[in-house]
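Below are some notes on this structure for someone meeting it for the first time. They are arranged as numbered points, to be read with the sequence and the model side by side.

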Amino acid sequence: MSPKAVQYRANSIIYFKGDQSDRIFLLNAGKVSLSYVDIETGQEVRDLIKMGEFFGVKSALGRYMREETAIVLQDSAVMVFSIPEFEQVASKNTRIITKMLTVFSNQLRRIHRQVQNLMVSDEQVNPETGLYKIGEYYLKNKRYGQALYAFKRYLVYYPTGSYATEVTSKIVQAEEYLSRYGSGAAASAAPGPAPSAASAAPRAAAAPAAASGETSELAQQYYNAVSLVSQEKYLEAFKAFKKMLDGGPDPEYTAKAEFEMAKCLFYLKQYDNCIKSFTAIAQKFPKHPELKDALFFVGRSYEEKGDKAKAGGLFKKIISMGPEDDAVVRKVRKALRALEGEKV
Amino acid sequence: MSPVGGPDLSMFNRFSKTFRKGDIIFCEYEPGDTFYLIQSGRVQVVRIIGELEKNIAILNPGDYFGEMSILENVPRSATTIALDDVKALEFSRENFEVLTLGNPQIALKLLKGFVQRIYAQKRTFMILTLDDVEAKVADVFLMLAENLSIDTTSVDSIEFKNTVDDLSHWAGIPSGQCREVLNHFVAQRRIELYPDRIVVKNINDFARFVNSRRKHQEK
């Protein structure tokens, strides 16, 4: 079977509105118009088909009723395709499809916008609020990995948005729950950056800020920098923490900021500096609540540098610090297995 | 959406991305400029409506999603979550043409998907432009029946696995108002309302009602 060439006389009708057919047409010569009622205005519209243009495509492909009447204005030569024949031709010339995709997408965009304008229900949510609410939903339903995704994306798009502060502290909360309880979601199991380490410093910071009911300027600076970390903008984050520390020591935030800076160094692949910073933190705060995390970063830095012996030694040390079911210890055990597996 | 008939996609491996089970691939309301073709694993499409996560679809290898993003900058209209470990090809507006040129089947599939979406939107538009709230809700039932490919002229009673929130969404009215309409239909014994489903006792009655409202409006 191949497409048929058909001649149409002036004033004849190729198809009527309401017909159902799987034929697709291509105008080769003559003049054909499509007449239809615009669903927005209720007005009758007539569109002329250009030479070399397909028509009847949508209703044929979608197997819907014709939405327009195709009227022959002057004697015309038309090629008639079945769907398989059309697909064959289009497959050989994908530009046909690309062009149609553009046309259809424009139509879709227009009708989509009209539909949205008519939706007067509680549906209309601005994207910023919408994204925040999704994070909230998953957090509330203890799906921490998914909550984290939504909140972190929020900070990427709206770093200074109206929920940015709340989101930052909710990220901390979600990460804490994630490391404590795990999640069906995979964020905790993802390779690479250790998510629970990210929760380390801000976890403690979130509490007093929440308790006082407002966020101090320093806390705000700190949260902004933490949000940069979550956006993986490590260099900018490092600079922001640095600027914060340049303002003088603070009993609450100095240690946390130093910790975060050392972490940024790791992601910036500044392994020597990372080792130096975390070692200094470990010496300065031997009872740091996130000491295991700090040591883990040191171990990973050695691993990255190719010093597997030192990395392995540190990993073993962290494991020996216990307890066995601690999230960090579990993570380190996995890292150690990977490291030893690599040796073989 | 059915699987693509096995086109050779090895040349697109550089666009390959993996997601772990439970990972969000993208979130509703996120701006998006990529679309995905699933190679392995399943993807769940959900929307959070009120306090409920509603399953929209489960997609399989060969299916694509996020395609609207390559053509316009609208926020994502749903959230997609990896139901298994998922491998997918990620395409952007820039490399989309490479894909269509190399894979007419995929381009055709996209084209058909667009056609369906245009019709679905037009159908919704018809509902939304009805003046009468009861007619809107009745027309939503007709649309849902059409989506289930039920010939409304040959059956009377239809059970819909939909909730009041679904109905209010499609009718474009607040859920409180939608509930009032449905309660009125219940009082008229036209429907039975359950928490997880709604039974329309005589769909033809709704068809006649909607048609008469539409004709009345056109005058």
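1. In chain B, strand β9(B) is joined by three bridges to strand β11, which covers residues 198-200, and the two strands run antiparallel. Within this pairing, B:F160 stands opposite B:I198, a residue of β11(B). This is a predicted model, and the points that follow should be read with that in mind.

2. The pairing belongs to an open sheet of three strands in chain B, whose order is β9-β11-β10 and whose pairing is antiparallel. The edge strands are β9 (158-160) and β10 (191-193) of chain B, each of which pairs on one side only. From one strand to the next, the twist averages 15°.

3. The loop that lies between α3 (133-147) and β9 of chain B holds B:S149, a residue that is not a glycine and yet has a positive phi, near 55°. Is B:S149 buried or exposed? B:S149 counts as exposed because 6 other C-beta atoms lie within 10 Å of its own, and a residue is called exposed if that number is 12 or fewer.

4. Another loop residue of chain A is A:M51, found between β4 (44-48) and β5 (54-55). A:M51 has 13 C-beta neighbours inside 10 Å and so counts as partly exposed. In sequence A:M51 and A:V32 are 19 residues apart, and from C-alpha to C-alpha the two are 9.2 Å apart in space.

5. Turning to a strand residue of chain B, B:T80 lies in strand β7. Why does B:T80 count as buried? The reason is the number of C-beta neighbours: B:T80 has 25 of them inside 10 Å, and a residue is buried because 20 or more other C-beta atoms lie within that distance of its own. Leaving aside neighbours within four places in sequence, B:T80 is in contact with B:I25, B:F26, B:V43, B:V45 and B:F65. The C-alpha atoms of B:T80 and B:D23 are separated by 8.6 Å, while the two residues are 57 residues apart along the chain.

6. The two chains meet in an interface in which 44 residues of chain B are in contact with 44 residues of chain A. On the side of chain B that touches chain A, the elements giving two or more residues are β7 (79-82), α1 (93-102), α2 (104-128) and α4 (164-171) of chain B. The largest share of that side comes from α2(B), which gives 17 residues. By type, the residues on this side of chain B divide into 22 nonpolar, 11 polar and 11 charged.

7. In soluble globular proteins, nonpolar side chains tend to be buried together. Here the largest nonpolar core has 79 residues, of which A:A150, A:F151, B:Y36 and B:L111 touch the most other members. The element that gives the most to this core is α2(B), with nine residues. Setting aside neighbours within four places in sequence, A:A150 is in contact with A:L131, A:I134, A:G135 and A:Y138, and also with B:C27. There is a second, separate core of 41 residues, which includes A:F238, A:L295, A:V298 and A:L314.

8. Some overall figures can be set beside these details. What does the secondary structure of chain B come to? Chain B has six helices and 11 strands, and of its 219 residues, 40% count as buried. For contacts in chain B with a separation of 6 or more, residues 24 or more positions apart account for 70%.

9. Chain A, for its part, has 14 helices and six strands, and buried residues make up 41% of its 344 residues. Among the contacts in chain A between residues at least 6 apart in sequence, 61% join residues at least 24 apart.

How values were computed. Residues are numbered from 1 along each chain as its sequence is written. Chains are lettered from A and ligands numbered from 1 in the order in which they are written. This is a predicted model: local features need pLDDT of at least 70, side-chain atom pairs count only at pLDDT 80 or more; totals for chains, interfaces and linings use all residues. Helices (H or I, at least four residues) and strands (E, at least two) are DSSP runs, numbered from the N terminus. Two residues are in contact if their C-beta atoms, placed from the backbone, lie within 7 Å. Ala, Val, Leu, Ile, Met, Phe, Trp, Tyr, Cys and Pro count as nonpolar, Asp, Glu, Lys and Arg as charged, and the others, Gly among them, as polar. Two strands pair if DSSP finds at least two bridges between them. Axes are lines fitted to C-alpha atoms, for helices over the stretch in contact, and angles run from 0 to 180 degrees between N-to-C directions. A nonpolar core is a set of buried Ala, Val, Leu, Ile, Met, Phe, Trp, Tyr and Cys residues joined through C-beta atoms within 7 Å.
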